[in-house]
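User: I would like to learn how to read a protein structure feature by feature. Could you take me through one slowly, with the general idea before each case?

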Amino acid sequence: MKATAVLGVGLFFIGVALAQQPVLKIGVNGVMSGPAASWGLVNKYSAETTAAMINAEGGWKIGDKKYKVEIVALDDKNDPKISAANAEKLVSMGVKYIIGPNVDTTAGAVMPVMEKAKAINFPYAFSKELYTPPHGNSILGMIASYQAGPVIYKYLKEKKGVKNIAFLARNEADPLNQMKEGEDAAKMLGLNIVTSGATYEPGTTDFAPVLQGILAKNPDLLVLSGVAPGDAPLLIKSAREMGYKGLLSTETAQDAKILQQVAGSLADGFISVGGASTPSIQTPYMLDFVKAYTKRVGEWNDEAGTKVYALEMILRTLQLAGPAAINDVELFKKTLTKFNIPNPFVKGNPPLKFVGSAYFSQPRQLGVPMVVNEFKDGKFQTLFVGSVE
Amino acid sequence: MNRLLGPLIGLALYLGIVPLLIHGSSYWLTVFINISLLAFTSLGVWLTFYIGRINIAQGAFALIGGYAVAVLTTLHGWPFWLALPMAGLVAGLVGGVVGSTILRLRGVYFAMLTLCLTEATRLLALNWTGVTQGASGIIGIPTPFGGDSSYLQAYFFSALLLLAGLLAIWRITQCRMGRVFRALQAHEDLAASIGINVAQYRVLAFSIACAFGGLGGAVLTVFLQSIYPTSFNVTNSTDFMLYCFLGGLQFVLGPAVGALVLFLGFQLLSALGSYQALVYAILMVLAMLLLPNGLLSLRFSVRQKSMREGQV
Amino acid sequence: MSLASKPHLSLHNLSVYYDTVRAIEGVGLKANRGEIIALIGSNGAGKTTTLRAITGLVKPTFGEIWYEDQRINGLPPHRIAELGIRMVPEGRRIFPLMSVHDNLLMGAFLRRNQAEIRQDIERICARFPRLAERMKQAAGTLSGGEQQMVAMSRALMARPKLLLLDEPSLGLAPMVVREIARAIQAVNREDGVTVVLVEQNSRMALRLSSQAYVLETGKIALAGASAELQTNDRIRRLYLGISDESEPLTL
Amino acid sequence: MGLAPTYLGSVMSQIIVNGLMLSATYALIALGITLIFAIMNVMNFAHGQMYVLGGFMVYYTYGVWHWPFALSLLVAALVVAAVGLILERFFFRSVLRRSRREESTMLLAVGTALLLDSLALALFGEKQRGVPDVVSGVYHLAGAYIPARRLLIFAIAAVLTTAFIVFINYTRPGRALRAIAQDRETAALQGVDVTRYSALGFGLGAALSGLAGGLLISTDAINSGAGNLISIKAFIMIMIGGAGVVSGAIAGALVLAFSEAIGYYFIPGSLPYLLILTGLIVFLLFRPQGIMGRRWG
């Protein structure tokens with residue numbers, strides 16, 4: 001009897017303690033099943049890992065209260081209808097900040113919901129209209145390839161003497177946009193585009209036919225626009241086996257493990273954009289995150305290195321904007337220009353900011369550092385870290 | 001007339017009680033708007049089943065309708081109320097032209113071909129950049145529903161559209177045309193031998209079905225205010241088919257029940273987190289295993305059973 | 001009761017309903033070992049249903065089917081086939097895309113002795129020389145008569161003890177019908193196979209058989225020795241035609 | 001480099017090589033789905049998921065546990081066949097028996113595909129997987145390049161396809177399967193245990209798809225959601241060749257593989273598939289039964 005009473009009282013106090021700690025709900029809305037499941041799942045895993053780390057420390061301080069961070073993740077199956085319904089559900093739960101969705105199709109459908117509900121989302125879709133006035137409630141969650149492209153091409157033009165450039169895109173909306181923007185950037189740099197408009201179907205198993213026509217034009221650099229992590233090693237392997245000697249690069253994050261498994265040493269020299277993937281630039285906080293992520297999911301995914309930023313920047317911006325911003329995104333928006341902190345994940349590099357004014361005429365992009373990696377001996381090595389303004 | 005009472009009460013509830021119950025929650029209204037529109041679109045698939053064809057092309061016609069309304073309102077400045085019927089008309093016409101040839105196929109052959117048609121339409125939308133703007137899609141499509149009650153307006157509009165669709169399909173099944181369609185389902189050759197112009201009726205049914213697809217796709221597109229080549233794809237086409245199957249092919253209400261159960265089911269299962277898709281799939285397979293003739297067959301088999309027992 | 005006097009096949013009070021539609025009701029018949037019995041009746045009288053019930057393709061609603069000293073109703077078709085019962089179905093039902101040779105091998109599906117199977121194929125070639133020339137041809141490309149020969153031969157390849165023939169003469173030219181009839185008789189006499197012959201061509205059926213049953217709307221209307229039935233007025237009028245002057249069947 | 005006269009020749013030989021390499025594994029996929037279709041009259045939407053399962057079996061056994069490649073292929077075939085048998089026994093058989101309309105099996109197949117997709121995601125995770133090359137090296141033949149690993153896959157697939165054709169045409173169980181495909185009831189009358197052989201056919205068809213997946217993961221990568229695309233390709237192939245016919249499956253595989261090889265070389269972008277699909281639709285208007293199929297209905 002006594003024990004029960006003690007337990008009851010104990011539970012009561014724990015309950016009070018829990019009730020006293022306010023909860024900050026952050027949404028994740030993205031594709032978590034089907035062929036593209038990895039995109040949304042990495043968003044979800046990254047956010048959940050960060051939230052768990054923060055909650056273990058007692059919560060996130062905004063104003064004078066420490067908030068328990070709760071992640072509400074919803075699968076949209078890459079279907080715009082479900083994505084919009086998910087967004088409605090999240091805002092109906094009082095969620096004002098949503099990470100995702102992952103492609104133009106779903107991001108386009110979610111945008112009106114965000115505007116009506118006065119909420120903010122962080123899509124991983126590159127369509128410029130989403131971030132350009134009159135729209136302003138979507139913030140691009142990563143470096144767009146059209147931003148990474150010029151930086152990489154410029155580097156390769158200057159350092160490696162690249163003159164002729166060829167593009168190959170995965171035949172989906174985002175990669176095609178990436179290719180288009182990449183071609184524009186190459187033209188601006190005065191590079192000679194030897195093939196234009198080449199794509200491969202998702203699900204292609206043999207890339208020789210696709211590559212053959214491109215390699216016949218003898219490019220110095222072959223850009224794989226929006227290439228999926230599983231396709232990259234195959235494309236690299238096929239190109240090398242067909243005798244291609246030039247450079248290969250992509251503007252999307254890749255997976256070192258599969259590059260090593262499938263292409264092995266043939267993938268050496270492959271250039272891609274990643275997060276803080278290489279130990280040489282990782283801060284202790286990033287190392288902790290990698291450890292926690294690996295424990296939670298079972299395996300590290302390099303893509304998480306770019307997707308770790310969204311939640312971190314939402315929380316830090318809220319800290320700066322004050323508790324009222326939790327429910328008022330206008331305050332959040334006003335704080336965007338003021339936000340400027342040292343990058344918690346990458347050592348000694350430009351500060352973390354909201355960027356994108358040059359592209360969208362307003363800061364509607366997470367200023368994720370552009371870590372340009374080269375694959376070597378089964379691992380990524382950082383070539384240089386660039387940034388976007 | 002008694003037969004009609006049940007469905008009519010159900011629809012009255014749907015129109016009256018649902019909005020009251022969900023207190024104007026924009027989330028629940030969105031869910032039911034989607035259900036109404038998906039059910040409406042699936043009615044077309046149901047009609048093709050009615051003439052004995054398995055149709056996995058409805059995603060293609062929803063896409064056609066969606067692009068029609070998007071292009072007309074956004075690029076040519078048409079008002080929605082003019083563009084909407086146009087979208088249905090375009091989809092119906094395309095359906096008629098395509099149908100006049102592919103309807104010669106039957107069974108799984110027709111099914112597989114319509115599946116390819118969905119994929120071909122996506123690729124067409126991607127490549128025909130002059131009209132569709134290709135991969136960049138069309139966004140910022142104007143919506144006719146505005147103000148504070150925009151969700152409620154959209155809800156009533158889609159519910160009434162579904163109601164009209166159900167009535168139209170029900171009327172079709174009751175009149176001479178419906179008898180002809182049933183004859184086509186049972187035995188085309190026999191129908192031809194008694195002097196029915198089989199080809200003409202098949203095309204007619206398919207055009208109506210595709211017009212349903214075009215209208216449904218158009219309203220969905222306007223509701224989402226954006227369209228891309230992947231907005232309606234093979235997954236959607238198979239979903240539309242599943243709604244009909246799961247509800248029950250013998251019943252006009254089948255697609256509506258199927259859409260309700262499957263769309264609402266997925267939403268309700270979101271509480272399961274990572275297991276949502278898995279549990280959803282398990283429940284769906286269980287439903288098929290236990291009720292291979294559709295959810296509505298449950299009601300009828302119970303009734304038949306009690307009738308039989310009553311007689312003994 | 002000695003084994004010899006016990007019927008080879010007997011049906012007792014057999015009824016088959018499709019949903020609620022009656023196909024046959026209370027059918028009883030027996031065939032002794034080595035006997036040919038005929039089952040005659042007009043279209044839809046239930047002849048085919050009776051054979052399908054014997055072979056296990058439909059489950060009887062009521063009644064029993066006894067084969068030798070075993071009750072076989074309820075067994076699946078392949079188990080009944082294992083007992084040595086073969087049916088030549090109505091419309092031949094050969095495997096159209098298979099060669100004649102493969103069709104015959106399908107008949108011998110349950111047999112394992114390759115040498116004997118080869119021997120039997122040679123015997124069939126001897127019995128139907130026209131098939132010998134077409135062994136490698138797809139069976140679906142043969143003429144109706146040839147297909148009937150394939151169907152019969154396929155059944156014989158199983159070395160059956162009981163052979164059920166469903167309308168073997170349907171749609172065939174008189175010359176071919178005679179050839180088929182000779183084959184039936186040969187099988188019965190030489191191999192000692194019991195035959196149940198279902199026919200609309202009642203004249204042929206009655207001449208071949210020793211006992212005959214007449215089915216009318218699912219029930220046995222008349223039964224007796226075939227020779228007697230041939231002279232029965234009702235049979236002559238209904239199933240043999242009133243004018244009895246048409247070409248006699250020579251065996 | 002310039003376009004030397006030999007250039008066109010090497011392009012042609014490369015296209016032929018690519019087409020051949022591709023068609024061998026496509027043939028395995030098409031044979032599997034056509035077998036299941038012929039035996040059960042089921043349009044197996046879950047066929048691609050069998051392929052994915054086979055791929056993951058090889059990933060774990062060969063890629064992670066370093067078993068010999070031949071053994072892991074065998075394991076893949078057996079595991080996928082077992083899954084096929086389970087699906088046939090507990091899913092398709094009962095629905096085929098009870099359903100009022102045979103289309104219901106299609107619904108079930110779609111549901112099964114969805115179920116296997118979700119299961120694969122839960123079991124194997126969301127990441128792309130690949131395995132190291134089984135053999136390395138590149139051969140050159142008449143100006144065409146042939147990686148050794150592709151040649152190996154081609155050889156194995158060709159041997160398996162031949163073995164399957166021999167099995168189906170010249171063995172007793174093969175004849176029984178053909179008999180069931182042509183006339184189920186009459187096959188039963190010949191003493192064929194139709195239920196058991198249907199299960200065998202389903203298991204075998206699944207195993208073929210699993211083998212294709214297991215073979216292709218050794219040159220390509222796979223992820224748990226890759227199944228539906230494979231199923232669509234399988235459908236396209238059996239429509240081209242004619243459903244339910246062995247020769248049709250092979251014809252379909254050849255046509256699709258060469259269309260891809262030619263299309264991707266000469267036409268950039270997503271147009272090749274649009275053309276393949278449009279061509280297919282037009283072709284079927286004139287020959288609805290496919291190249292090898294017979295008329296139905």
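Predicted model: local features only at pLDDT ≥ 70, side-chain atom pairs only at ≥ 80, totals over all residues.

Analyst: Let us begin with the words for elements: helices (H or I, at least four residues) and strands (E, at least two) are DSSP runs, numbered from the N terminus. Residues are numbered from 1 along each chain as its sequence is written, chains are lettered from A and ligands numbered from 1 in the order in which they are written, and side-chain values use heavy atoms, with hydrogens and water left out.

User: Which residue is joined to A:Pro101 by a cis peptide bond?

Analyst: The general idea is that most residues other than glycine have a negative phi, and most peptide bonds are trans. In this model the partner is A:Gly100, and the cis bond between A:Gly100 and A:Pro101 has an omega of about 0°. Another cis peptide bond joins A:Pro133 and A:Pro134, with omega about 10°, and A:Pro134 lies in the loop between β5 (120–122) and α5 (145–160) of chain A.

User: What is the phi of A:Asn78, and is A:Asn78 buried or partly exposed?

Analyst: A:Asn78 is not a glycine, yet its phi is positive, about 60°, and its place is the loop between β3 (65–75) and α3 (80–92) of chain A. For exposure, buried means under 20% relative accessible area, exposed over 50%, and partly exposed in between (1.4 Å probe, protein chains only). By that scale A:Asn78 is partly exposed, with a relative accessible area of 25%. A further case is C:Asn13, where phi is near 50°, again a positive value in a residue other than glycine; C:Asn13 lies in strand β1 (residues 9–18) of chain C and is exposed, with a relative accessible area of 52%.

User: How is chain A divided into domains?

Analyst: Domain bounds come from an automatic or database domain assignment. Here that gives domain 1 (21–142 + 279–368) and domain 2 (145–250) of chain A, and the C-alpha centres of the two domains lie 30 Å apart. Taking contact to mean heavy atoms within 4.5 Å, 13 residues of domain 1 of chain A are in contact with nine residues of domain 2 of chain A.

User: How much area do domain 1 and domain 2 of chain A bury between them?

Analyst: The size of an interface is often given as the accessible area lost when the parts come together. Buried area is the accessible area (1.4 Å probe) that two parts lose on being put together, summed over both, and for these two domains of chain A it is about 860 Å², 45% of it on carbon and sulfur atoms. On the side of domain 1, A:Asp104, A:Phe126 and A:Tyr359 supply 55% of the area buried against domain 2, more than any other three residues.

User: Which residue forms a salt bridge with A:Glu181?

Analyst: A salt bridge is a side-chain nitrogen of Lys or Arg within 4 Å of a carboxyl oxygen of Asp or Glu. A:Glu181 forms one with A:Lys128, the closest N and O atoms being 3.9 Å apart, and the rule finds one salt bridge across the interface of the two domains of chain A.

User: How many salt bridges are counted between chain C and chain D?

Analyst: The count is four salt bridges, and in one of the salt bridges C:Arg93 pairs with D:Asp183, the closest N and O atoms being 2.6 Å apart. In this interface 22 residues of chain C are in contact with 19 residues of chain D, and the two chains bury about 2,100 Å² between them, 58% of it on carbon and sulfur atoms. In chain C, the residues that lose the most area to chain D are C:His78, C:Phe95 and C:Phe109, together 29% of what that side buries.

User: How many salt bridges does the rule find across the interface of chain B and chain D?

Analyst: The rule finds zero salt bridges there, although the contact takes 42 residues from chain B and 41 residues from chain D. Chain B and chain D bury about 3,900 Å² between them, 79% of it on carbon and sulfur atoms.
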